Every structure is written in C-alpha cells, then in structure tokens.
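Have the structure open beside you as you read.

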Amino acid sequence: MTAEWHIGEDLFVRFLRAEASKQEGRMVVRHLLSRCDQCSEMAHRVTAEAGLWGGKAGKAGWEQAYEEVVQRAFAFVDQEEQRLALERVRGWALWTSLAPLASRVRFATVDADPAYHNFGLYQRLLEASRRHLHRDPVEAMDIVGLAILVAERLDAATIGKERIADLRAAAWAALGNARRVAESFDGARRAFNEAWRILEEEGTADPLEAAYITSLEASYMKDIGEFETAEAALEEALEAYRKARDPHLQGRTLLKMGETIGYVNPERGIAHIEKALALLDLAKEPRLDLCAQHALAGFLANSGRPEEALVVLDRARPLYQQFRDDFSQLRLHWLEGKIAHRLGELAEAESIFTQTWKDFRARNLQQEVVLVTIELAQVLVEKGEPARAAELASQAYAVMNDWGLHKFALAAWIVFQDALDRGRAAGDVFRRIEEYYRRHWVRPGSFEL
C-alpha cells in the first residue's frame with residue numbers, strides 16, 4: 001500500500017499566501033477536507049505562526065486576508081469545497097486566539113462574539129480535545145464544553161436545526177468520552193444520555209451519527225466491565241458502516257470489538273482483529289496498525305499461542321519505534337513479559353514484570369499495577385516461590401488501600417492473598433482474579449474462589 005500524501009509546511013504557507021499553483025491548491029483543499037490529524041496539527045501551528053487569528057485588534061485585517069484567500073487560492077474549486085476549506089482554516093486561526101486563555105475567559109469570549117460561532121472552530125475544538133484526551137483529560141473536557149457552546153450558537157438558517165442537533169449530540173458524546181478518561185464515570189453516563197436524547201429527539205437520526213456515539217460509548221462500557229454489551233453495541237455501528245460502504249470505519253469498529261471482547265474471550269478478540277486488518281487503511285491511520293498488532297499478540301499469548309504472539313510482536317517492533325510515546329513503550333514491555341511467561345521463560349518474565357510494575361506505579365496507573373502484580377505473582381508461584389508471591393500480594397494490598405478503591409475490590413484482593421498464603425493459587429485463580437479487576441474496577445462486585 002502506498003503511503004498517504006501529506007501537505008508540506010512550505011506548500012501550506014504558499015497556499016495561505018495564494019502562491020500555490022492550481023494543481024497544488026486543489027490537492028491542499030481536498031486534503032484539508034479530509035480528517036488527517038497530522039496535517040491538521042501542522043496547519044494549526046503554521047496558521048498560528050502566521051498570526052492569522054481573529055482577535056479584536058486585528059479583526060478587519062484578518063477578514064480581508066481571508067477574502068483574498070477565497071478569491072485567489074480557492075478560485076478553482078467549487079463553491080461548497082471553497083466554503084468548507086475556508087471554514088477549516090478559520091477554525092485553526094480562531095482556536096489559536098483562544099488556546100492561551102483561561103477556560104472561563106474562553107467561554108465568555110466565544111459566547112459574546114459571533115465571529116466565533118463558526119463550524120470550522122467547532123471542528124477544530126473537537127480535534128484539539130482529542131489531542132488532549134490522554135495527556136490532560138480535564139483540558140479536553142473544557143475544550144469539548146466550548147465545542148458544545150459553539151454548536152449551540154451556529155446559524156440554523158445556514159446549517160439547519162437538525163444538522164446542528166447532530167453536531168451538539170456528537171460534542172456531548174465527546175464530552176462523555178473525556179469524562180470517561182478522567183474517570184468521572186457518572187458524568188460520562190449523563191453526557192452519553194444527553195447525546196442520545198439530542199440525536200433521537202432533535203437530530204436527523206442518521207445511522208452514521210448514531211454509530212459515532214456508539215463507538216465512544218463502547219469505550220465507557222468497556223471501562224466499567226460490560227464487555228459483551230459493548231461488543232453487541234459495536235455490532236450495530238459496524239452494520240451502519242457496512243451500509244455506508246466505508247471499509248476503513250468497518251475495520252476501526254472491528255478492531256474496537258476485538259480489543260473489547262478479547263480480554264474475556266481472546267479467541268473472539270483475535271477473530272475480530274484479523275478481520276479488521278483486512279479492512280483498515282493503515283496508511284491513513286498508522287497508529288491503528290500498532291494497536292491491532294499489540295492486541296493481537298496479547299490475545300494470542302493469552303489463548304495459549306505464545307509462539308504466534310512472538311511472531312506478531314517481532315513484526316510490530318518497527319511500529320513501536322515509530323510511536324515512542326511513554327505509554328506505548330510501557331505496553332510493549334508488558335507484552336514482552338506476558339509472552340516470555342507463556343513461553344516458560346520465567347526468569348525473564350519476572351525481570352520484565354518487576355520493572356514494568358515500578359514504571360506503572362511511578363505513573364500512578366493503578367489498574368495496570370494490579371494486573372501486572374497478578375501476572376508477577378503467577379510467575380513466582382510457577383517458579384516454586386509461593387512465599388514471595390504471597391509477600392508481593394501483601395505489599396500490593398497496602399498500596400491499593402491508599403487508592404480509595406471500593407470495598408469489594410479490596411475484599412477480592414484479600415481472598416486472592418489468602419489463596420496465595422495457603423498455596424491454593426493455581427492457574428485458574430490468576431485468570432479469574434484478573435477478569436474480576438477488569439470487570440469490577442469501577443462497579444462493585446464480589447469475588448469468591
């Protein structure tokens with residue numbers, strides 16, 4: 001598959017100055033209308049550096065500059081493409097003026113000035129919130145809240161009341177997703193409920209809009225342990241994308257189904273992911289390739305096929321080199337430990353899990369700490385060192401007790417610790433306690449041997 005074309009910085013600067021050729025301009029406009037995160041970030045940064053924002057002081061010059069862009073750079077495309085591309089560029093510029101402001105000031109500014117009631121800004125805010133989602137979910141929530149405000153202020157005469165309702169619903173779903181990442185699960189549930197209410201009572205009832213909300217809501221279902229419910233919901237989204245004949249979104253949905261159900265049924269996870277890889281446009285979203293290969297290797301290891309898992313891991317190593325973010329590297333080491341364990345390389349697995357435990361602990365990744373502790377305890381038992389496994393569980397309980405976990409989660413750990421103390425912890429016990437913490441990390445539930 002050939003690599004996807006991206007807009008170069010020099011070309012985008014010439015485009016903004018209306019110095020690009022007609023052929024180059026067409027390529028830029030068409031790409032601006034795609035959902036390319038890489039070029040969106042580049043265009044936002046270049047627009048900011050060029051000073052093209054709509055502050056009060058320079059508003060007249062800013063409007064004039066865009067009028068020139070419309071007349072010269074966009075003259076060769078049809079009117080609708082011209083309007084949409086201009087909206088995106090304006091959105092980048094407007095967000096540049098808002099980003100440095102405090103949250104309260106942003107809201108007051110957008111609420112008071114109609115120049116910010118702009119579809120391009122709405123799009124840019126959703127893009128920006130996704131960028132902040134995992135590194136700063138509170139900021140992501142603030143940005144999505146601003147997108148909701150912008151959607152409420154859009155011109156119904158131009159866009160249409162039902163279409164605006166769809167945009168509001170999508171923003172509320174994005175807010176639910178941000179609240180989920182911030183572990184505000186009750187707030188996430190309320191946001192998703194509002195998204196569905198708006199879509200069904202005021203929106204177009206477009207199946208693709210429903211599929212978008214479902215895709216985000218499925219992540220919430222997964223986090224609260226409703227794996228089967230999430231898989232069933234995603235099946236409905238998959239059908240909508242099939243009818244729309246969008247193979248990439250079908251692949252995305254199948255990948256999500258696999259990542260969701262694979263934790264409790266690895267074979268089903270593997271089947272979904274293998275189908276996904278045949279449909280995904282990996283040149284369009286190369287990170288999805290890493291996600292798919294990582295999940296596939298993990299589920300192969302968990303289903304008793306560690307040799308196949310090792311082949312997949314070795315194939316994916318260049319992808320881990322491409323994405324050097326901290327969490328991806330930690331997930332790589334965790335996967336290496338899991339495969340070493342399943343291959344019977346217990347000393348290597350112990351070493352990897354011990355270091356991974358320290359790394360997760362340092363970053364306060366609480367559920368990951370618990371899950372790695374379970375795997376490390378199993379390795380120690382298999383090495384014939386049950387006393388060390390019991391001591392590890394005891395130390396982990398002291399750490400978990402400081403996190404404010406619900407009493408059922410702490411009680412489950414005491415049951416697990418007792419099994420280790422009494423030498424009754426066999427393979428099934430480790431599998432069951434791991435599944436317990438995946439299902440009941442958020443929602444209380446009892447655990448018995």
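Which helix supplies the largest share of the lining of the second largest pocket? That share, 6 residues, comes from α23.

Before going further, a word on the ground rules. This is a predicted model, so local features are reported only at pLDDT of at least 70 and side-chain atom pairs only at pLDDT 80 or more, while totals for chains, interfaces and linings use all residues. Residues are numbered from 1 along each chain as its sequence is written, and side-chain values use heavy atoms, leaving out hydrogens and water. Helices are DSSP runs (H or I, at least four residues), numbered from the N terminus.

**The pocket**

Rolling a probe the size of a water molecule over the atoms shows where empty space is left. A pocket here is an open set of points on a 1 Å grid over the protein atoms alone, where a 1.4 Å probe fits, with protein on both sides within 12 Å along at least five of seven lines; lining residues have an atom within 4 Å of a point. The second largest pocket has a volume of about 320 Å³, taken as the space filled by probe spheres set on the points. It is lined by 17 residues, and Y263, N302, R342, R431 and E434 are the closest to its centre. Helices α18 (326-342), α20 (366-382) and α23 (427-440) each give at least two residues to this lining. By type, the lining residues divide into 7 charged, 5 polar and 5 nonpolar.

**Helix α7**

Is helix α7 largely enclosed or largely open? In α7, 12 of the 14 residues are buried (under 20% relative accessible area; exposed is over 50%, partly exposed in between, with a 1.4 Å probe and protein chains only), so the helix is largely enclosed by the rest of the structure. Among the buried residues are F119, Y122, R124, E127 and H132. At the start of α7, a side-chain oxygen of N118 comes to within 2.7 Å of the backbone nitrogen of G120.

**Charged pairs**

Side chains of opposite charge can pair when their charged atoms come close. The structure holds 34 salt bridges, each a side-chain nitrogen of Lys or Arg within 4 Å of a carboxyl oxygen of Asp or Glu. Three of them are set out here.

| Pair | N to O distance |
|---|---|
| E239 and R242 | 3.6 Å |
| K383 and E350 | 2.4 Å |
| R422 and D418 | 3.0 Å |

E239 and R242 both sit in helix α13 (residues 227-243), 3 residues apart, about one turn of the helix. For the salt bridge between K383 and E350, the pair links distant parts of the chain, with K383 in the loop between α20 and α21 (386-401) and E350 in helix α19 (residues 346-362), 33 residues apart. K383 is partly exposed at 32% relative accessibility, whereas E350 is buried at 12%. In the remaining pair, R422 is exposed at 58% and D418 is partly exposed at 29%. Elsewhere, salt bridges that share partners join R168, E194, R197, E201 and E202 into one network.

**Two backbone angles**

Most residues other than glycine have a negative phi. R245, not a glycine, has a positive phi of about 55 degrees; R245 lies in the loop between α13 and α14 (247-261) and is exposed at 75%. N364 also has a positive phi of about 55 degrees, and its place is the loop between α19 and α20.

How values were computed
Polar contact = N/O pair within 3.5 Å; in protein donor to acceptor, adjacent residues only side chain to side chain. Nonpolar A, V, L, I, M, F, W, Y, C, P; charged D, E, K, R; others polar.
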